[in-house]
Structures are given as structure tokens and as C-alpha cells.
Amino acid sequence: MSDAPVPKPKKKGGLMPVLLVVAAFAGGAAAGGGGAVMAFASMPGGKGAAAPEPKEKAHLDYVEIDNAFTTNLVDTGRFLQLRIAVSTTGGPATVAALATHKLAIVSAVLGVLGDASEADVSGAAAKAKLRRELRQIIDTVLRQKAGVAGVDEVFLTSLVVQ
């Protein structure tokens with residue numbers, strides 16, 4: 001036998017594979033964490049979220065019906081006097097139809113008011129219901145006379161019960 005030293009077997013792996021595993025884990029965590037941050041930021045209401053694009057609103061016109069409506073209330077000896085205005089997103093055609101067919105609108109509104117009782121104009125809920133009825137009747141007149149509709153809301157600009 002020889003007296004030559006026996007070489008020691010080399011260790012496999014060493015520090016390099018451990019560093020590769022740690023680096024891969026850290027890279028994956030950073031990518032996943034970055035993705036989570038990006039997802040959170042893009043959620044509505046998320047911190048750093050971009051403001052939603054504003055929707056283009058239709059042009060809104062207000063038209064005062066230049067008439068004082070006066071009628072007797074059906075259940076009392078009192079009378080009602082009111083003035084109204086409307087809003088519309090129907091554009092120039094609806095605004096023009098409101099002016100052109102004002103007499104028919106006034107007549108239709110008086111028809112609704114002629115059936116009103118004191119309870120129909122007392123309180124917020126009753127007034128809201130009256131406004132809805134007036135909107136419907138004005139839209140009906142506009143459809144029949146001009147082939148357009150588009151009254152979005154009716155406003156009571158003056159209301160007196162005496």
C-alpha cells in the first residue's frame with residue numbers, strides 16, 4: 001500500500017445552491033407582492049387608485065312654464081295657486097316643443113290640478129307625487145303634439161293654498 005494521502009471527497013452543493021433558492025424565493029415574493037400592490041391600487045377605492053373617468057353628462061335645460069296655475073281644491077273652499085318649471089336633457093327639440101305647445105301643456109296641467117284635494121298638496125310626499133303626475137302629463141302632451149318627450153323633472157317654483 002502506498003502512503004499517499006487519500007483525497008477527501010468534495011461536498012456537493014455548497015453555498016451556491018442555497019443562495020439560488022433564497023434569491024428565487026425573494027424574487028417570487030417581490031413579484032407577487034408587487035402584483036398584489038398593483039391589484040390593490042387599481043381597485044375602486046384602493047389607495048392610489050386612479051379616479052374613474054367622468055361620464056359625459058347630457059346637457060340639462062331648465063324651462064319655466066310662464067303661467068300661474070290657479071284652481072279650486074275639490075274638498076274645501078280653498079284654492080291652489082302654483083308655478084312650475086321643468087328640466088330636460090331632450091335638447092333643443094324638447095325645449096322648442098315646450099314653448100310651441102305651451103297652451104296644451106297649461107290645459108293638461110290644469111286638468112290634473114282640477115282634481116287635486118288639499119291632501120294632494122300637503123306634505124313633502126304629496127308634493128313629490130304631484131310633481132311626478134305633472135311630469136307624466138307634460139311628457140304625454142309633448143309625445144302627442146310634437147313626437148318628443150324628455151321632461152326629466154318638474155319643479156314647483158311657487159305654491160300657495162288659501
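## Reading the labels

Trainee: What makes Ala-99 count as exposed?

Mentor: Ala-99 has 57% relative accessibility, and because buried means under 20% relative accessible area, exposed over 50% and partly exposed in between (1.4 Å probe, protein chains only), Ala-99 counts as exposed. Ala-99 lies in helix 2 (residues 92-100), where helices (H or I, at least four residues) and strands (E, at least two) are DSSP runs numbered from the N terminus. This is a predicted model, in which local features need pLDDT of at least 70 and side-chain atom pairs count only at pLDDT 80 or more, while totals for chains, interfaces and linings use all residues. Residues are numbered from 1 along each chain as its sequence is written, and side-chain values use heavy atoms, with hydrogens and water left out.

Trainee: How do you know that Glu-133 forms a salt bridge with Lys-129?

Mentor: The closest N and O atoms of Glu-133 and Lys-129 are 3.9 Å apart, and a salt bridge requires a side-chain nitrogen of Lys or Arg within 4 Å of a carboxyl oxygen of Asp or Glu, so the pair qualifies. Both residues lie in helix 4, four residues apart, about one turn of the helix; Glu-133 is partly exposed at 32%, and Lys-129 is partly exposed at 44%.

Trainee: Why can the salt bridge of Arg-131 and Glu-153 be said to tie together parts of the chain?

Mentor: The side chains meet at 2.6 Å, N to O, and because Arg-131 lies in helix 4 whereas Glu-153 lies in strand 3, the pair joins parts that are 22 residues apart in sequence.

Trainee: Is Asp-139, which forms a salt bridge with Arg-135, buried or exposed?

Mentor: Asp-139 is buried, because its relative accessible area is 8%, whereas Arg-135, at 25%, counts as partly exposed. The closest N and O atoms of this pair are 3.5 Å apart, and the two residues are separated by about one turn of helix 4.

Trainee: What makes up the contact of helix 3 with helix 4?

Mentor: Contact means heavy atoms within 4.5 Å, and the residues that make it include Ala-108 and Val-112 of helix 3 and Leu-134 and Val-141 of helix 4. The whole set divides into twelve nonpolar, no polar and two charged residues, where Ala, Val, Leu, Ile, Met, Phe, Trp, Tyr, Cys and Pro count as nonpolar, Asp, Glu, Lys and Arg as charged, and the others, Gly among them, as polar. Glu-133 and Lys-145 of helix 4 take part in the contact and count as charged because they are Glu and Lys.
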